[in-house]
Structures are given as C-alpha cells and as structure tokens.
Amino acid sequence: MTNHRMDCMKATANPMESTPITNYGASPEPGEVIRYRLEAGEVDWEIAPGRTVRGYGLNGQVPGPVLDAKQGVPLEIEFTNRLPEPTVIHWHGVRVPAAMDGTEVVQRLVHPGETFTYRFIPPDAGTFWYHSHANETEQMEKGLYGALIVRAANELTLDAEKILVFDDLRVDKSGQIAKFGGLMDRHNGREGNVRLINGTSEPELSIAAGQIERWRIVNASSARYIRLSLGGRPFQIIGTDGGLIEAPVTVEEVLLPPADRVEIAVGPFENEGAVLGIDDLPYHRMARKKNAERFGTIRVTPRKVSTALVPARLREIEPLVTDAATVRRTVKLGFKMSLRRGFDFVVNGERHHHDQQVKVGELQVWDVVNTTMMDHPFHLHGFFFQVLEIDGKKPVWRSVEDVINVPPKSTVRIAWVPDDRPGMWMYHCHIVEHHAAGMMAHFEVVR
Ligand SMILES: [Cu+2]
C-alpha cells in the first residue's frame, strides 16, 4: 500500500499546549515533528472500475491517506473542512490529550471552510485509525476515515507490510450510496451490499509464495462484524488495538467488530498462482444472519526469498489485576422503548449518559453488561483497557484494547488505569447508529 504523506518535514517543535503524555516509547530527535495536511471534501469515489459514488473523502480519496507516525514523535495534522457540513476528526485508539480527542465535547465542530490543527505525541506503537465523530452515521458511511500507523523505533518487520481498511457500503439501484434506512437501520445498524478493502470493492491483493507479510487490519464498517478468514488457511495474530500481543497465536479466523483492529502475519503460501478468498464467514448478530461474503482475494505470485521471522515472544504486557478484582463500576448497555422515537439504546437506562468521574492513577475495574439480545462493540476513548473476563472466562491471550465485543446477555470485565490526561472523555457502542441512538456516556478524568 502506498503512503500518501502530504507534507512531512522536520521542524522546530511548537511547545505542546496540552498536558504532556507520559511513557514515550522512543526518544525523538530533538525538534522532530511529523506534519500532515488533511482536507475533507466531497469526492467521486470509484468503488470499482467504472462504478463511482458521491462520497466524502480526505485529500480527494477514500479512505483518507495512511498517516505514518512514529512513537514518541510529535504529530501535527492541519485539518481543513471543505464539506458542506461541520465535522470533527477522532484519533481512534491514540492516547491523546483530552482536548485533541476530536469530539464535540472537547472542541467546537470544524465548520465548512475552517481549519483546526490537531497536535499530539502518539505514545504507543500500533495500528490506529481516524474518522469523523460528527453525524457519523452519514459521514462514516460516505467514507470519512483513514488509517494511522504508529511505528516503534525497533518495529517488527516481515517480508512486506499491508494495511487493509475494511468497510461495507450500501448502494441503491441508482448506483449511489443508499439513503439511511430509518428505524430498521437505527435498530440493526447499517450494513452494506458492497464490500470494500481500502475503498475498493473486492480487490485482488498479492503475496509472493514463500513470504510472510505483516497485515494491519481495521474494520471501519458502521455495523458489520467481520469474521475474517483467508481461504481457511492458518495465520498468526500478532497484535490488536493497542499494538503487539505477548506471543503470536495461530488461528484460522478472527472476529472483528466495528472499529476493531488486528495485526496478523500472513503466509507463507506454497502454491504459486493460487487464489484465496478474503472472506467474512457467517456470523449471527441478533436477527441478522449473514452468509459468508467476499471482501477480496489474495493471489500467490512467484516465489521470493523470505527473511521474515515472527518472534516467539513479541512483547511483555504487565497484568493490571493479578488477584481478585474489586469491581468499581457497572456499565449496562440497554435497549428501551420510547414514545417519541420508537426506541433508544441506552447506558444505565439513560441516553447519552453522564457517568461518574474517575481519578488519575486509580485502577478501574468495570463490568460492561450487555442486557440486550444483540452484540455491542464497546469503545473507550483515549485509554486502553485489559480484558479480565468474558462471562467469567479469561481471554486466551493478554492484550491492550480500546474496542471489545460484548455478546448478547453477557458481561465483559475490563481493567484500566487513567494516566495523567484529565478532561472529558467518553465511551460508547461503536455500531455508529447505536451511538447516535444514545448508547454512550460522558465522564471526566480528574486529578
Ligand atoms: Cu450497539
């Protein structure tokens, strides 16, 4: 994949206005700053040869450019809005200062013609993404998202790297993006009939026989759960939302709820010329049961020498909780009938809930309880958590996450520690229609 770095140069760092972030992973060269310019605007988005929809792009493309950043090096993104409506950009998964989180709570919306510069120092290496956090059910469907890679100084490199941003788009009979489907879409979330990788319908990717590649994967769909399979072949999970996991795990499929990321080591494949499916296997998400659907294919090209080595040990993650955890908070994801709106999605019985404060440095153990009959991907802004239990069972591997699926009638126990970034934050369901319908909460981090 190509990186479209618009404007990257070294310059004298401006003093960061915001609270400094601790735990830099790498020491930047003095004064180094990575700069990008992003401009949102309407685009003719070619989803397949000769098939174009009117969408929203960044720098004229969907997804927006891949932003390539370095752990611990200041990143500056000058964002200009040329859309016909206000927007704001959220840096999904990055531990930014509260003022840089890109929500209406922490900044004024960026109106048409206006520019806002985001400045932060990405403290963690990993695969992140950025997307609109205003009128999301429309703006994200139209394509206002892109990937953000943060590289460590000693980044794991395999034979090659790809970034794959998955999305689905509902196209109507006229060939354009379909109008929002009212109460049904509000209830189920909008799923599409066109499956895209990096903005293209069912593309063919290639990998040389004998080689092992590092694939960084983002699910940018509004509501689709992707049960990813690569032609049934085994691959290794090496990372999740917050970077590498402790040791590679070999699987034949992985479930990616909306907004989730996974990093995998793909290959080696032996049969030159073979074509494998990049498929989304059937997944039963409440009423909607879908069949296996194709996102793309992989063609195995002529053999090349491999120098890739996936280490047996990738990282050490210190557990936040070692013995019995005292649960500090219960977050109930719920559904409620409403006379005015038909129904709402709620947190602790309330739309757009205002939750209690949390204190910097104080261990948070939360039970996220799904009281409904459908899956909800829980997303915490600005902080990573560790998953302690899903319905009383420990996860197979330890990882740091900002999105976790909460299955129907289930409880996910998470642990996290707010580091010193006070301000207003939020958590919400990342089915964007549910977020809009109220399944979200604000809370403050205080010193
Ligand atoms: Cu939901």
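Residues are numbered from 1 along each chain as its sequence is written, and side-chain values use heavy atoms, with hydrogens and water left out. Because the model is predicted, local features need pLDDT of at least 70 and side-chain atom pairs count only at pLDDT 80 or more, while totals for chains, interfaces and linings use all residues.

Trainee: Which residues coordinate the copper ion?

Mentor: Donors are N, O and S atoms within 2.8 Å of the metal (3.2 Å for Na, K and Ca), and water is not among the atoms, so sites may look incomplete. Along the chain the donors follow the spacing H-x52-C-x4-H. At 2.0 to 2.1 Å, the copper ion is coordinated through ND1, SG and ND1 by His376, Cys429 and His434.

Trainee: How many residues apart in sequence are the parts that His376 and Cys429 tie together?

Mentor: Strands here are DSSP runs of E with at least two residues, numbered from the N terminus. His376 lies in strand 28 (residues 376-380) and Cys429 in strand 32 (residues 423-429), so the pair ties together parts whose separation in sequence is 53 residues.

Trainee: Is His376 buried or exposed?

Mentor: Buried means under 20% relative accessible area, exposed over 50%, and partly exposed in between, with a 1.4 Å probe and protein chains only. The relative accessible area of His376 is 0%, and Cys429, at 2%, also counts as buried. For His376, therefore, the word is buried.

Trainee: Is Arg54 buried, exposed or partly exposed?

Mentor: Arg54 has its place in strand 2 (residues 51-58). Leaving out residues up to four places away in sequence, Arg54 touches Glu42, Val43, Asp44, Gln176 and Ile177, where contact means heavy atoms within 4.5 Å. Its relative accessibility is 38%, so Arg54 counts as partly exposed.

Trainee: How far apart in space are Arg54 and Phe120?

Mentor: In sequence, Arg54 and Phe120 are 66 residues apart. From C-alpha to C-alpha, the distance between Arg54 and Phe120 in space is 32 Å.

Terms used:
Helices (H or I, at least four residues) and strands (E, at least two) are DSSP runs, numbered from the N terminus.
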